[in-house]
Amino acid sequence: MSATATADAPVRAAAPQQPRRPGARRRADIAAGYTFLSPWLLGFVLLTAGPMLASLYLAFTDYDLFRPPTWIGLENFTQMFSDARYLKSAQVTALYVFVGTPVKLAAALAVAMLLNMKFSGQGGYRSAFYVPSLVGASVSVAIVWKAMFIDDGVVDRVQQSVGAPAGGWVGNPDMTMPMMILLAVWQFGAPMVIFLAGLKQIPAELYEAASVDGAGPLRKFWNITLPMLSPVLFFNLLLETIHSFQVFASAFIISGGTGGPADSTNFYTLYLYTRGFVQFDMGYASAMAWVLVLVVGVITAMMFRTSRAWVHYSGEEN
């Protein structure tokens, strides 16, 4: 074929390449991967996704565990607005979350800043402050906490010794919430360790430059520590908020499972447990669980949304 004929020939589009079929070895690798993944997949389907879907269905039914569920639509959800104990549990939980969480994080940050200083025995102090977080969620600690704050307990006797009004915290509806918040704050070890790791990442040069400019400790904390620590603060705030919504064991032990006195410790999850496993109203309990999921999801989304205004990451222009 001449050069002229070659130049005049139409340009043919490149034929699409057919996807290569995986070879035998690749298929074997994929099969091995799914084989190792299958225990997790089975666990997720049978223990997480399946029960969640079943709970979603039961939320729209009247189900007492002994008879087949009966579809009632939105009745469980509308009933919540006229349920005084439900509204009280939501109020108690909201107070615990929105007061207890900031106090706990403030305590964790304060102790982390103290432990970030150089002094002898630093490792021992860090371990001592972290120990309550290791045992704080146990039933035994809740029992000890109840014994300390009960009428004529250790706290009561200390109050009497200094002339303060006594009478026990466990049986006083006005004092049960401070007691529960104190128990939560006492377990600040986990966020404290995360704060401590974040403090270690702040360059010392920033504080040295601020000292040269005449900045005091408060100004350094506000203009250097908090902005540099804002991603860690956001992480801790997110985790502790979600964790606070799930408080159950301590409230169950201290109140004996009743949520008393006067429903002052009737937290949301405790009331959910009562309706589901004491009163066998599983449909209502399922509806409560899904409302809790939605509330926590909305609050989490709001926290992510507002974090753009106060969380600063390295490398950002603003």
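**Entry 1: Asp 263**

I started with Asp 263, which is buried at a relative accessible area of 18%. For this I count under 20% relative accessible area as buried, over 50% as exposed and anything in between as partly exposed, with a 1.4 Å probe and protein chains only. The model is predicted, so I take local features only at pLDDT of at least 70 and side-chain atom pairs only at pLDDT 80 or more, while totals for chains, interfaces and linings use all residues. I number residues from 1 along each chain as its sequence is written, and side-chain values use heavy atoms, without hydrogens and water.

Where does Asp 263 lie? I found Asp 263 in the loop between α12 and α13. Helix names follow DSSP runs numbered from the N terminus (H or I, at least four residues; strands are E, at least two). The phi of Asp 263 is positive, about 60 degrees, although this residue is not a glycine.

In the loop between α12 and α13 I also noted Pro 261. A cis peptide bond joins Pro 261 to Gly 260, with omega about 0 degrees.

Phe 280 is not a glycine either, yet its phi is positive, near 55 degrees. Phe 280 sits in the loop between α13 and α14 (282–310). I logged Phe 280 as partly exposed, at 34% relative accessibility.

**Entry 2: salt bridges**

How many salt bridges does a search of the whole structure find? I got six. The rule is a side-chain nitrogen of Lys or Arg within 4 Å of a carboxyl oxygen of Asp or Glu. Side chains of opposite charge can pair when their charged atoms come close.

Asp 263 has such a partner: its side chain meets that of Arg 85 in a salt bridge, 2.9 Å from N to O. This pair links distant parts of the chain, with Arg 85 in helix α4 and Asp 263 in the loop between α12 and α13 (268–278), 178 residues apart. Arg 85 is partly exposed, with a relative accessible area of 28%, whereas Asp 263 counts as buried at 18%.

Next I checked Asp 64, which forms a salt bridge with Arg 67; the closest N and O atoms are 2.9 Å apart. Asp 64 is buried at a relative accessible area of 18%, but Arg 67 is exposed at 54%.

Asp 152 and Arg 157 meet through their side chains too, at 3.6 Å from N to O. Here Asp 152 is partly exposed, at 43% relative accessibility, and Arg 157 is exposed, at 51%. I also noted one network, in which salt bridges that share partners join Asp 83, Arg 275 and Asp 281.

**Entry 3: nonpolar cores**

Which residues touch the most other members of the largest nonpolar core? Among its 37 residues, I listed Tyr 96, Phe 149, Met 179, Met 192, Phe 195, Ile 254 and Phe 267. At least two core residues come from each of α4 (84–115), α6 (139–149), α8 (176–186), α9 (189–200), α11 (217–245) and α12 (249–255). The largest share, nine residues, comes from α4. Another core of 22 residues lies apart from this one, and its members include Tyr 284, Ala 285, Leu 292 and Met 303. A nonpolar core here is a set of buried Ala, Val, Leu, Ile, Met, Phe, Trp, Tyr and Cys residues joined through side-chain atoms within 4.5 Å.

I then followed Tyr 96. Leaving out residues up to four places away in sequence, Tyr 96 touches Thr 101, Met 177, Met 180, Ile 181, Ala 184, Ser 244, Val 247 and Phe 267. Contact means heavy atoms within 4.5 Å.

**Entry 4: α9 and the annotated spans**

I checked the length of α9. Its 12 residues reach 17 Å from first C-alpha to last, close to the 16 Å expected at 1.5 Å a residue. That expected span is 1.5 Å times one less than the number of residues. Buried residues in α9 are Gly 189, Pro 191, Met 192, Phe 195, Leu 196, Gly 198 and Leu 199.

The unreviewed UniProt entry annotates residues 30–60, 94–115, 127–148, 179–199 and 282–304 as "transmembrane region". I looked at two of these spans. Residues 30–60 are 94% helix and 0% strand, with end C-alpha atoms 40 Å apart. Residues 94–115 are 100% helix and 0% strand, with end C-alpha atoms 31 Å apart.

**Entry 5: confidence**

Last, I looked up pLDDT, the predictor's confidence in each residue, from 0 to 100. The protein chain has a mean of 87, and 91% of its residues reach 70 or more. Over residues 1–9 the pLDDT is below 50, and this stretch has one contact in the model beyond near neighbours in sequence.

Notes: UniProt positions renumbered as here; feature names shortened; annotations may be inferred.
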